[in-house]
Amino acid sequence: MFTYETSIFLISAALQLAAVILAIRTARQSAARGPWIAMIAALTGMLVFRVITMFSSGPGAPFQVPQGTLDIMREPLPSTGEGKRGGR
């Protein structure tokens, strides 16, 4: 039914969702909620990117990223000459 990679993605997404739910329950019971809210935000962000990756990678992905989209990241940044140490 699912490929091996898809199964791994789904299992890890389910475990991450369980971690978010646990963090929400713990934040409600804890006196110091700040760290738990930060953890909820981080785990939710990771979960969102994991789901986006599931839908945008692989041969049969419904949301394919065009081939040349990330080519800008391969090009070196132009040098401005600043920061070079010259002779004293």
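Biologist: Is the crossing of H1 and H2 left-handed or right-handed? Please start from there and then go through helix H2 with me.

Modeller: Please keep in mind that this is a predicted model, and that the crossing of H1 and H2 in it is left-handed. Two packed helices are described by the angle between their axes and by the distance between those axes. Here helix H1 covers residues 4-29, and its axis lies 9 Å from that of H2, with an angle of about 160° between the two. Angles over 145 degrees count as roughly antiparallel, and H1 and H2 are therefore roughly antiparallel to each other.

Turning to helix H2, which covers residues 34-56, we can follow a few of its residues in order. Thr44 is found in this helix, and it counts as partly exposed because its relative accessibility is 33%. Although Thr44 and Val20 are 24 residues apart in sequence, their C-alpha atoms are 6.8 Å apart in space. Leu47 also has its place in H2, and it counts as buried because its relative accessibility is 15%, where the cut-off for buried is under 20%. The C-alpha atom of Leu47 is separated by 9.2 Å from that of Ala14, a residue 33 positions away along the chain.

Val48, again in helix H2, has a relative accessibility of 43%, so it counts as partly exposed. Together with Phe49 and Ile52, Val48 forms a nonpolar patch on the surface, and the accessible area of these residues together is about 310 Å².

Methods. Residues numbered from 1 in each chain as written. Predicted model: local features only at pLDDT ≥ 70, side-chain atom pairs only at ≥ 80, totals over all residues. Heavy atoms only, no water. Patch = residues over 30% accessible without salt bridge, like charges linked within 9 Å, V, L, I, M, F, W, Y side chains within 5 Å. Areas by Shrake-Rupley, 256 points an atom, 1.4 Å probe, with all protein chains shown as cover. Salt bridge = Lys/Arg side-chain N within 4 Å of Asp/Glu carboxyl O. Helix = DSSP H or I, 4+ residues; strand = E, 2+ residues; numbered from the N terminus. Buried < 20%, exposed > 50% of the residue type's maximum accessible area, 1.4 Å probe, protein only. Axes fitted to C-alpha atoms, helices over the stretch in contact; angles between N-to-C directions. Parallel < 35°, antiparallel > 145°, perpendicular 65-115°, else oblique. Left-handed = near helix turned anticlockwise from the far one by under 90°.
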